[in-house]
Every structure is written in structure tokens, then in C-alpha cells.
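Okay, thanks for making time, everyone. Let me put the structure up, and then I'll walk you through a few spots in it.

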Amino acid sequence: MRINDLHPTRPSLGNLKRSNLTMTNNHIHPRALPLWARLQRLSLCLAATALVFRAPCAVADIPTPPLPNALIPEQPSWARNHPRIIFDPAGLARVQKRIHDDPEIADLWNRLKVQCDSFVDPQSPSYIDASKAFDDYLAIARKRPPPHPYVWSKEGKDAEIGADLDQVAGKWLNPLNMLDFAYAVSGDERYGKKAVELTVAIAQKLPPDAAGKGLALSFPTRSMALALDWCYPLFTSDQRQIVRKSLIDYTNNLYYQSFFSVSEQSTLGRIWNHNGGESSSWGLAAIVLDGETHAPTRQWLFQATRDAEDYLRYAIDAQGGEMEGPSYFGYGSGFMPYFVEAMSARLGEDLYATTNYNRMVDWLPMEMLPGGKRVNNLEDSDYGMSTPEVALYALDRDPDRPLARYLWEQLFQGEVGPQFLSAAILWAPENVPVDEVAARVAKLPDWGWAGGRSLVVSRSGWGPDDAYMSLHAQHYTFLRHDQADKGQFTFYAYGDDLAIDSGYGNDASTLKSTSGYAHNQVMVDGHPELQGGFHAQTDGWIANSLHEPLVDLTCADVADSYRFFYKADISYEEEYQQDFERADRHALFIRKPFPYAVVFDDVKKDDNAHDYTWLLHAKYGKTFERVGHSIQVVPSQVTPQIAVTRPFTDKVAWSDAGPAQNAKWHATLQVPTAGKYQVWGLTGTANPEGQKSNSFFLRINGGKMGFSLGSSQPDRFFWGTFDKLPLMWTALNDNKGAVHVPALDFPAGPVELELFARQSGADCAALALVPDGAPAPLEGTPLPAGTLVVRASEGDLSGAMQREEVGTSAQSAWLQVAFLTPEQWDEKTDVFQTTREGVHPRLLVTMHGTDGQFLTLLLPHRLKDNKPDGAMDVQSLTAQKGHAGLLPITSDTSDLVACWDGSSGIAVQDIATDAELLWLRRDASGKIVGAAASNVSQLTVGGRQIFMSKGGKTCFVLDGNQARVPEEADVKFDLPDKTVEVEKIKRPTDWFSSRPASENE
């Protein structure tokens, strides 16, 4: 049977039930498939075989078979079947009731209408002329070398040629998504007709091959599908057929890519954030087209549902942890909630309830940093959930309304960008009494271990001043966003960032955020963990984690990240680089009576002596001072700056109104000697809606100094800074950050600098020319030698540009890092340049020996404590075996912290143990209050064996008379004054959460 022979009046999706299909292992039985689909499967098997055995034949980019005769004559009865997605009568009534009854939802709706009014008002600077839609996109696309829209280098996306096509596409698609939603809710034809114009423009101007592939292809697909469904009566019959034809082409391409394009295949075998967005986009199109074309919409829908199901089962672990973090999970999933809701309503298949998606709300609080509005920026993520639809839908579906409300208030309230207002109107949680929310927050756990996410989080509580520590060590899966960060820890306390991650990279740079240099880890002879390519492609493992109210213990094994990385393909073949004996990181988090952490790194490459260097990254505005055997991470002496800016007054700022020629700052620099200089700016914003205040225009000597890589502004740099960050030095870029600008050739003599305002509220306090090859500048420290700088207090202003004083960034805490080992070490500090988050200070502590051992106490202090008088006295103890120190806690309580020496155990005072790390709290009488130990089989205190493991080495935590050990442990406690109740803890049993059994033996 040919596709064209399918009957035009076959049943609609409303009558299609999954139970009617013959299935094997969640797939349609081969004999139930048409011939073309069976050939598909055969081709896929052959392609997979070729990959596994590395046959010389290529399998990428198999041409998509066209569907030239898929359209059938439109029937008037079809109109009664739309809208099919979200806005059936019951769904529309629900949304309208929310807007009517809930003032918060009404405010979101009014914000959306203001945006849409600006799109349809010819007098508005944001007016959309649909006749010009996608002209700019096509102009850029024509310049790109096929088949991929990006040109990659070792710097990744920083080296794209031309503007980011996704960003340009969003200029047209985001308004379309808002307009068709506004029409569906209100019935206002002004919105719907503009949506129709934009949809037809996509269908007529933007064929699939121009839109790209994968996720880029899915954006127009979902936008056209929803517009056709929601604005159905406003299209003419001819327009609907044009859009149907385009949707068929787009969907067919996405469908075939899911089989034959390695990077676009389903989640099975990889974790790839694009899968969720792509499958749900063609699934939405299949729902809208079903019964109205000859296209195989049922097969499309079936495959889309299975791909989405796979993604929601494996991209989220059983604890609710997103494998790529909440930031990327949201980005890739896109409009998936619309698809999930439509499938549940029309077919009764609820992908939220039957996958790990329903656990997302359980884990999301653990990703949230103290104070809210940010998530932990681990792996290859940033602090924001810039695409919140999947999280908002989960909040709406979760039965725990106080928790849903708490997360809305902490993460999203007041942070929803214009293009996400629709999702917030649909799914933002209703208001819940404050006392109910507070009571629920009080019951939130203060420790969590997400197995597949391979992340352990410990907190002292849920207030903005509470402490938060994370330890991450994840196994690699093909295509997942990944960094050389196995064993990375972060630490926050008293409202401040004390030990940070360098954040989002998405590049192959061996020096910036993706690299090991960007993380709190241990380098060997100057080399960090391996980096296999575009992402790190390395393994780490959380070996164990145990929790008690007093203390948490987490152990990570990251030696594999020094030994090998995986090839950048689906073979999972190891590229072995070197022998490496061990690399273990043990972390303790102590909550009472004040929070602090202990980190013990035990690293040994081989039996030869090496330089081992311990790295610590601190946030911008901090500096490092050595006091005795401690490093103090304290605020740097940065004074308020005079900046130039166009004041932030815009309440609606969606589209770019063009260069603000009447808002300019002009200054002159004198270059003494011709040479190459990198241009830097001291830039930032005080605007809480940072995305509206993150770019300038800059002209140098009347132009761009010969720089010409694909700029949208030929005579000036379109300089993008960083959202919501205080003043910090940022390197010159173009196309709002899409294009990295290298060092430029400057002649000797005067250099004319013209800074034009593009967005209100974007501050610039200085411009500098830094000699090529010099380190990045850092305010509060001397600028690199030979740097030429001009401050905003100099030069001339014109138009709306103004000078204002910008204060320093908020600082509320400092960190004491006390080293108990090594005894001899050298330290230096430098400036680390991230990929996307500016620069910050970095500490490097180096010891020389056969074993790299760093036993550190991370002691946070409020700034109101006098520094350095506020530092705690950490006493180093003489140990017969290992290394130890004592920390006074109260007048009659102290904590002993000790580690082994790499070959034998610990012997200090009246304590003997074979543990690698020991923490012991005792009162003045010697009574044990709490304890924790890793890799231990026996512990003797005061001549009494208080702990013994019968089954070999294990770990434990003890709080009073309560102890926790791993599930497999066989242990005995014998304390003189109490009977210890032992609870065995089962580790998370998720995919990729632990090594295969053969490797553990």
C-alpha cells in the first residue's frame, strides 16, 4: 500500500486508542506496519550495524522521502474539530476562569495583551510587518555553508559566523506563539489575523531545508501547528492548505531524522535535550493534521509519543533529577507540555503520570540555591530556567499545592519573560495561604541524592541565609551536555556565593567553562580532568552518600575522568589516555550549631612524585588572602563606579527599535605603540529584568577595525553583555555574544571610541585595550601590564546617555578555607575567564609528592563578623598515622577531622581507625556526639572498638544514637553510653548511577 492510497476519511485521533495497535516492546509490530515503514526499520538496523562495526559506508543524512500527494480536498466539517490542543470547550473555559478569578493570572494575561497589542499596532515600534517575516533569517541562512547552520571551532558557539539563527527565528516565532494564544483565549481577531499572516509567511518563505534540522526545524513546526489549530477559522481554505503542506514537509523531515540522523534519534542510547522538543513538535503537527491529509499522521504520532516517552523516562531519573540539569531540560523540551496535555486529553495516554516527569517537582527544590530565583549552574547549565514551560506544567499537575506554590514563588514569580506568559497563564499554581506554604517548606528534606543526575545536595535549611553544598559526579551518555567537572562541589552560605561553578560553556574550549580548569578539582602536573571534545565525554561516580540531621557524608570516585574519555560517537569506545591509581573526593556537610563543610581529596597518579594543584573558584568581587594555614575568600576592595547608560524606563521592550543615535558616549584613547589589543568593557546592569539591558553598540575609529565576520551591524559591534550581572569586565563580542571578537590591530595614536545605547539600563563604566595574550582584567586588582583604559567619567555624552554611580555587588559572607594537609604548599591566584559568565578570581594551591592529599575545612562567616578576627581557630594535631585537626565548636564541644596518609589509616589522640576520612564530635567528657567515616572497617576510641564492619570497608554517619550505613553493610556499633539504632540506606538504582557490577568488583 502506498501512502497516497490511505483513505481520506479514516478515523480521527479521537477514536484512535493505543490498545488497538499490535505492539511488541512498545513499538508497532512489524507486520502491522506498511511496507515503507518496514523498509524504514530495515534501513535503521543496517545503519546501526554499520556504526557498530565501523563499516566504511556512511549512514548520515539519508534523504527524506517526499509526500507530494498528501493533500486532500478540505471538508467543511473539519472546522468543528478545532481547536484540538488545550482549547477545546472545557480547556478554554478553564483558562478564562483562571483569568477571571485569579488576579495574578489576570496580570499575566494583561501583560500578554500589551505585548500582542504592540505587535498589531502600526504606530508601535514593536509592530510586526508580516510581509518582511523571515527575510533577515533567510539572508543569514544563505551565507551559511551546508548542511549545518553553525561553523564550529575549539571555542564552540563563541566562534559562530553570523548571528544565531535560533535567535533570529525567535524574533518572528515568539510573537506568533503569543498572538495565536491571545486569539484563542480572547477571540480578538486582530491577534488571530496577525498570527495567520505570520504562519502563512513561514509556509511560503521557509522550506524545511532553509530552517535547518533537528531542534531548529521543530520551532516553526510547533508554531505553525498551534496557529493552524487555534486560529483555524481565520485562515482561508487556500491558506490552510498551504500551511498543511508545509507542516507535512516539516513533520516528515523531523520524523525521518528521528530514525536516520545520529544526533536526532530518540533518547534510547543517549540523553539529548533536543529529543523532547523535536518529538513533541512533530507530535503536535500530527494531532492537528490527523484526518485532514493523506500523510501517515498516526505513525508520526505513535513515534513522537514513544520518543517523548523515552525522553521523559530517561532524561529525568527516578528521583526527579534532570540528567542535563533543569536549565537544559527546559530548553530542549520546549512545548512538550502542550503535547503531553493534548495526548492525555485526546487519547488518554498521560506521559506525565507514566514517566519520571511526575517526579520533577520532588527534586526541583534541591536544585534551587538559597534565596531563590536561581538554580545550581552545574554541568553545562546556567543559573536560570529561561524556558520554564516544562516546570510550570509539572507544578500545575503536582497534587502538592503548597509545594507547587512555593516553587512558583521562589523560581518563577516576577521572572517570566514575554514569550512564556502563555505557559504561566495556563499552569502557574494558584495562590495558597502563606501559613500552609511555610508549613510545607518546613518539611522539605535537607539532603537529596539524585542517582541518574549523580548529584548530592546538602542544606542547612530553606531560608535565604542557609548553607547549601552540592557534589556532582556523573556518568557520560552520548550527546549529553557535559563538562570536565566530575567531583565538582559548590558552596553557598549566609546569602553569598562562596565556591562556585563556572557555568554554561557549550563549547570545545580547553581553557574556558567546559574545561577542567573551570572547576573546583585537583590538577596533576598542571593538567585537569580529561576533555574528550565538544563536551568532556568523561565518567565520574557517586560511590556513596549518607544523611543524618547533624552530618552528611558523600564519596565520589572520579579517577575515570583522568583515565579516559569516550569517542564522540555512539560506539561508547573508550579513548584511554593514562594509568591513574585513584582520585577520590570525600565531602562532609555539618549543620549544627553552625554550617560548615569538609572536603578531602585523595589523588594519586602513580608512584612518582607530581605537582598536585587544588582549585577553588570564587565569585566576581571576591579576593584571596593567606593567613597562616588558611586562605580567606573575602570581598575585594572595589569602589562604586561612574557608568554611562541610557536610563532604564522601558516597561515593554520586545523588539529592537534600532541604534539610539542620540544616546552616545564618546572618548579618545592614545595608543603609544601599534600592536594587537583585546577590547574589554566594564559592563553590567542593575535592571532586574536583565534580558532587556544586556547590549550596546560600539564603533572604534568610525567602524569595526576591519572585523567583518557575519555581523548584523556592518559599521559597529553589536556587543552583548551578561544578564542581571553587576559591573564586571567582559570581552568585546558581536551579534549580541554570538561572535567572539579576537584581538584587533591598533595603530599608534588616538583611538576614537563611540558607545551607543541599544537597550535602556545597560551600564558601561570603562573600556580598555588589553595587550594580546595578557590575562583578563579583574576589578579590584591591578590591570594587566600595558593596558590602556578610559573611564566613563571621561569623554563626552550626547542625547539620552547619562552618567550615574553604580554601587558594588552585594556581599554578605566570606569563606575561611583551612588546610589540615598538605603541610607545605604554594598558592597563587589568577583571573579565570568563563565562556558566558564573565571573569572571576581563582585560587591554585599546589603541593609536591606521590600522593596529592588536600584536607580542607570550608568555614563560612557573615561579613558582620570581624575579619580576620572572626576566623575560627583550627588546631593542627600531631598524628601517629595520617593528618588531623581540631575545630572548637562550643565551650565544651569540639570536632576532630582526620584523614589517612594514602597507605595506612589514622592514629591520633586516643583514636585508631583504618578509615580514609574521619569526623568525630565529642564533648568535654569525651562522650561521642556524632561521627562519620568513609572507607572504614573499624574504629577504636579510648581503647574501645566502637564500630566494626564484618563485610569489608564501608562508610557510616552517626548522630546521637542514630546511624546510617549503606544497604549492603554488615556493621556493629558498641558505644559505652547508648544503644545505636542502625538504618540501612539503599542507593538510588537509576540508569548510569553506578558502575556495572564487573567494574565494582
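Predicted model: local features only at pLDDT ≥ 70, side-chain atom pairs only at ≥ 80, totals over all residues.

The protein chain has 20 helices and 48 strands. Of its 1001 residues, 60% count as buried. The accessible surface of the chain comes to about 36,700 Å², and carbon and sulfur atoms account for 52% of that. Now the contacts: if you take those between residues at least 6 apart in sequence, 72% of them join residues at least 24 apart.

Okay, helices. Have a look at H16, residues 401-412, and H18, residues 434-442. Their axes come within 9 Å and cross at roughly 95°. An angle from 65 to 115 degrees counts as roughly perpendicular, so that's what we call H16 and H18. Who makes the contact? On the H16 side you've got Pro402, Leu403, Arg405, Tyr406 and Glu409, and on the H18 side Glu436, Val437, Arg440 and Val441. Sorted by class, that's five nonpolar residues, four charged ones and no polar ones.

Next up, salt bridges. The count for this model comes to 56. One of them pairs Lys619 with Asp496, and the closest N and O atoms there are 2.7 Å apart. What does that pair tie together? Lys619 sits in the loop between strand S15 (610-617) and strand S16 (622-627), while Asp496 is in strand S7 (residues 496-499), so the bridge links parts that are 123 residues apart in sequence. And are these two buried or exposed? Both Lys619 and Asp496 are buried.

Here's another pair to set beside that one. Arg582 and Glu581 meet through their side chains in a salt bridge, 3.3 Å from N to O. Arg582 has a relative accessible area of 11%, so Arg582 is buried. Glu581 comes out at 41%, so Glu581 counts as partly exposed.

Asp606 is at 21% relative accessible area, so Asp606 goes down as partly exposed. Some bridges also share partners: Glu367, Glu379, Arg453, Arg480, Asp482, Asp485 and Lys486 are joined into one network that way.

Where is Asp482? In the loop between strand S5 (468-472) and strand S6 (488-493). Its relative accessible area is 0%, so Asp482 is buried. Skip the neighbours within four places in sequence, and Asp482 is in contact with Asp380, Tyr476, Thr514, His535, Ala536, Gln537 and Thr538.

Last stop is Pro988. Pro988 is in the loop between strand S48 (981-985) and helix H20 (997-1000). With a relative accessible area of 11%, Pro988 is buried too. Now, how far is Pro988 from Ala318? In sequence they're 670 residues apart, and in space it's 7.9 Å, C-alpha to C-alpha. Again leaving out the neighbours within four places in sequence, Pro988 is in contact with Gln319, Trp449, Gly451 and Ser993.

That's my tour, so over to you for questions.

Definitions and conventions
Residues numbered from 1 in each chain as written. Heavy atoms only, no water. Helix = DSSP H or I, 4+ residues; strand = E, 2+ residues; numbered from the N terminus. Buried < 20%, exposed > 50% of the residue type's maximum accessible area, 1.4 Å probe, protein only. Contact = heavy atoms within 4.5 Å. Salt bridge = Lys/Arg side-chain N within 4 Å of Asp/Glu carboxyl O. Areas by Shrake-Rupley, 256 points an atom, 1.4 Å probe, with all protein chains shown as cover. Axes fitted to C-alpha atoms, helices over the stretch in contact; angles between N-to-C directions. Parallel < 35°, antiparallel > 145°, perpendicular 65-115°, else oblique. Nonpolar A, V, L, I, M, F, W, Y, C, P; charged D, E, K, R; others polar.
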